[in-house]
Amino acid sequence: MDPAVTIRRVVPRQTEDQVAALYWEAFGRKLGAALGPPEHGRAFIARHLHHDRAAVALTHDGSRVVGVAGYRLSGRGLTGGGIRDVLSAYGLMRGMPRLAVLALLDRTPGPGELVMDGIAVDPAHRSAGIGGLLLAEIATIAAEQGCRRVRLDVIDVNPRARALYERHGFTAVRTERTPYLRGLMGFGAVTTMHRAVPGRPSGGPSGDTLEQRR
């Protein structure tokens, strides 16, 4: 176990490549059809991050990102890049079908919702409680923003992630079968999960940095 991690609410400058690598390790199979090959996908993600739309776990000295949980709120998520960016990066002919794939993955928050934009933890730091810390920070952010719930989607081939979410208060509300995506993205069903958010905290730490010592 790590002796300490620091949770921050912003992606530090100069760590964009680290965050992109974590995201690609976790979601590369799903994102490959839209942003692959891997080196291009990681570069695209790093270039278009919205730094203020994530909780990140850093080593205690702040030198390395070992976990990240992105979220979407007020029209912006951690992973950015619009139509023009995709076409600029991949060209018109290769870019148009990629935009269609990205549209399939888009999740827009409803009223009173914060939508999680994925969670990824460095394999070397898993089973150390980092995922739980990130989920707790996301819930706090949602409460401070006046949201009544956090929403996320988990695919059928990621039971480890679903088990993490269930341990931290998420419940499944519906499952959409997507057999047409199995060959393209490697999964055949998506389950939407919700976690209720309590009222906005009246005091306590701002959440800019939290430490977990073990």
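Is Arg76 buried, partly exposed or exposed? Arg76 counts as partly exposed, at 29% relative accessibility. Keep in mind throughout that this is a predicted model.

Now its partner. The side chain of Arg76 meets that of Asp52 in a salt bridge, 2.9 Å from N to O. Arg76 sits in the loop between strand E3 (65–72) and helix H3 (83–90), and Asp52 in the loop between helix H2 (38–47) and strand E2 (54–59), so the pair ties together parts that are 24 residues apart in sequence.

Asp52 has another bridge. Its side chain also meets Arg53, at 3.4 Å, N to O. Asp52 is partly exposed, with a relative accessible area of 33%. Arg53, at 12%, is buried.

Next bridge. Arg149 and Glu113 meet through their side chains at 2.6 Å, N to O. Arg149 lies in strand E5 (residues 149–155) and Glu113 in strand E4, so this pair ties together parts that are 36 residues apart in sequence. Arg149 counts as partly exposed, at 25% relative accessibility. Glu113 is at 5%, and that counts as buried. There is a network too: salt bridges that share partners join Arg9, Glu137 and Glu144.

How many salt bridges does the count come to? Eleven, by the rule used here.

Asp117 is in strand E4, residues 113–121. Asp117 is buried, yet it has no salt bridge. If you work with cut-offs, that is the pair to look at.

What does the Asp117 side chain have instead? A polar contact of 3.0 Å joins it to the side chain of Thr79. Which residues does Asp117 touch, beyond those up to four places away in sequence? They are Tyr23, Gly70, Tyr71, Arg72, Gly77, Leu78 and Thr79.

Over to another buried residue. Thr178 lies in the loop between strand E6 (171–177) and helix H7 (182–185). Its relative accessible area is 2%, so Thr178 is buried. Leaving aside neighbours within four places in sequence, Thr178 is in contact with Phe187, Gly188, Ala189 and Val190.

Now helix H2. Which of its residues are buried? Gly41, Phe44, Ile45 and Ala46 are buried in H2. In an α-helix there are 3.6 residues a turn, so residues three or four places apart point the same way. What covers the buried residues of H2? The cover includes helix H1 (16–35) and H3.

Last stop, the surface. Leu92, Met93 and Met96 make a nonpolar patch of about 370 Å². Met96 is found in helix H4, residues 92–105. Is Met96 buried, partly exposed or exposed? Its relative accessible area is 45%, so Met96 is partly exposed.

To recap two points. Arg76 and Asp52 bridge at 2.9 Å. Over to you for discussion.

How values were computed
Residues numbered from 1 in each chain as written. Predicted model: local features only at pLDDT ≥ 70, side-chain atom pairs only at ≥ 80, totals over all residues. Heavy atoms only, no water. Helix = DSSP H or I, 4+ residues; strand = E, 2+ residues; numbered from the N terminus. Buried < 20%, exposed > 50% of the residue type's maximum accessible area, 1.4 Å probe, protein only. Lys, Arg positive; Asp, Glu negative; His and termini not counted. Salt bridge = Lys/Arg side-chain N within 4 Å of Asp/Glu carboxyl O. Polar contact = N/O pair within 3.5 Å; in protein donor to acceptor, adjacent residues only side chain to side chain. Contact = heavy atoms within 4.5 Å. Patch = residues over 30% accessible without salt bridge, like charges linked within 9 Å, V, L, I, M, F, W, Y side chains within 5 Å. Areas by Shrake-Rupley, 256 points an atom, 1.4 Å probe, with all protein chains shown as cover.
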